[in-house]
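Welcome, and thanks for taking a look at this one.

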Amino acid sequence: MRRISFAEINIFVVNRIFHWRFWIAGLTKKSKIAKKIINKALFEKDDVVVIPNTIPINQKIEGEPSEFLPTDVIKEVIRKCDDIVIMDTCLCRTSNKCEDYPQDIGCTFLGPTTKKIPRAISHTATVEEALAHVDKADAAGLSHIIGRNKIDSVWMNARPGEGLLTICHCCPCCCLWKVVPNLEDEIAEKVSKLDGVKITYNEENCKSCMKCTMDVCMFSALSADGEKIQIDPNKCRGCGLCINACKFNAISIDYNDETIDNIVNRMYNLIEE
């Protein structure tokens, strides 16, 4: 009889409490003690960057087409790593019983601590396999989040967390990081927008269908003001999912590659610290 791993037990627990995640996150705003405990247990030393989905996005650098895509940041970090593991399923989508996005596109993990991730729920991957996994996630309409994410080292019992880098492939309905608006600001700020990314609303193209406001943004940055769309720059993390939802080119994304090396080095250094 196969021995059940600690991670598998934790998956069972997470599946049962997943729908409580917004309430748990909200406690960080209601109580300083709760904030301290939750931050220490799940978010300590986190440094997370949101990477837009690149498939339907018009690439622009000062109005000119570019070969650079935001997911190049992820791919460059992957190319620098020898230790790569891909989860067989997405914990968030399986917990939420997602029917709109593939449950079999799981997180990618990089770094020496991946050796401690149970292979009953994951598999070792080559650089080429991991790059193809990013493309598959893009094609499925998923956005990406890369960085140090303590909660992953906790539920998998994979320590030290400093040796583990997470690449989440996120859908707008199930992603754990939808809790960001519920978190106290000091914790929420650990999730940042990719440098150089800007989301713009073009009112002239908007048909007021309001699809972009219908639980599309993971960070609740879009809202309706009459027939106009409002994008809160303080909440927006540049995930790009609103662009995917808009069929009238009323929302666009601009970015540049001036900081790509800095971001890649910053992410890689999180593994090495």
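This is a predicted model: local features need pLDDT of at least 70, side-chain atom pairs count only at pLDDT 80 or more; totals for chains, interfaces and linings use all residues.

**The loop between β8 and β9**

- T213 sits in the loop that runs between β8 and β9.
- Between T213 and Q230 there are 17 residues of separation in sequence, and their C-alpha atoms are 9.3 Å apart in space.
- M210 is also found in the loop between β8 and β9.
- Although M210 is not a glycine, its phi is positive, at about 65°.
- Is M210 buried or exposed? M210 is buried, with a relative accessible area of 16%, because anything under 20% counts as buried.

**Another positive phi**

- K45 is a residue other than glycine with a positive phi, near 65°.
- You can find K45 in the loop between α3 and β1, where β1 covers residues 47–51.

**Salt bridges**

- How many salt bridges does a search of the whole structure find? The search finds twelve, and a few of them are described here.
- K35 counts as buried, because its relative accessibility is 19% and the limit for buried is under 20%.
- Another salt bridge joins E76 and R79, and here the closest N and O atoms are 2.7 Å apart.
- E76 and R79 share helix α4 (residues 71–79), where they lie three residues apart, about one turn of the helix.
- E76 is partly exposed at 34% relative accessibility, and R79 is partly exposed at 44%.
- The side chains of E203 and K228 also meet in a salt bridge, with an N to O distance of 3.7 Å.
- E203 lies in the loop between β8 (198–201) and β9 (222–225) and K228 lies in strand β10 (residues 228–231), so the pair ties together parts that are 25 residues apart in sequence.
- E203 is partly exposed, with a relative accessible area of 44%, and K228 is partly exposed as well, with 40%.
- Salt bridges with shared partners join K35, E184 and E186 into one network.

**How helices pack**

- Two packed helices are described by the angle between their axes and the distance between the axes.
- Helix α4 packs with helix α6 (residues 127–139) at an angle of about 165°, and their axes are 9 Å apart.
- How do α4 and α6 run relative to each other, roughly parallel or roughly antiparallel? That angle makes α4 roughly antiparallel to α6, because angles over 145 degrees count as roughly antiparallel.
- The crossing in which α4 passes α6 is right-handed.
- Helix α2 (residues 21–30) and α3 cross at roughly 130°, and their axes come within 6 Å.
- α2 and α3 are therefore oblique to each other.
- α2 and α3 make a left-handed crossing.

**A nonpolar surface patch**

- Which residues make the nonpolar surface patch? The patch is made by I4, I9, F12, V13, I17, W20 and W23, and its area is about 750 Å².
- Helix α1 (residues 6–17) gives the most to this patch, with four residues.
- I17 has its place in helix α1.
- I17 is partly exposed, with a relative accessible area of 40%, and residues need over 30% to count towards a patch.

- M267 has its place in helix α10, which covers residues 260–272.
- M267 is buried, with a relative accessible area of 0%.
- M267 and A158 are 109 residues apart in sequence, and the distance between their C-alpha atoms is 19 Å.

Key
Residues are numbered from 1 along each chain as its sequence is written. Side-chain values use heavy atoms; hydrogens and water are left out. Patches are made of residues with over 30% relative accessible area and no salt bridge: like charges are joined within 9 Å, nonpolar side chains (Val, Leu, Ile, Met, Phe, Trp, Tyr) within 5 Å. Accessible areas come from the Shrake-Rupley method with a 1.4 Å probe; for residues, only the protein chains shown count as cover. A salt bridge is a side-chain nitrogen of Lys or Arg within 4 Å of a carboxyl oxygen of Asp or Glu. Helices (H or I, at least four residues) and strands (E, at least two) are DSSP runs, numbered from the N terminus. Buried means under 20% relative accessible area, exposed over 50%, partly exposed in between (1.4 Å probe, protein chains only). Axes are lines fitted to C-alpha atoms, for helices over the stretch in contact, and angles run from 0 to 180 degrees between N-to-C directions. Angles under 35 degrees count as roughly parallel, over 145 as roughly antiparallel, 65 to 115 as roughly perpendicular and the rest as oblique. A crossing is left-handed if the near helix is turned anticlockwise from the far one by less than a right angle, and right-handed if clockwise.
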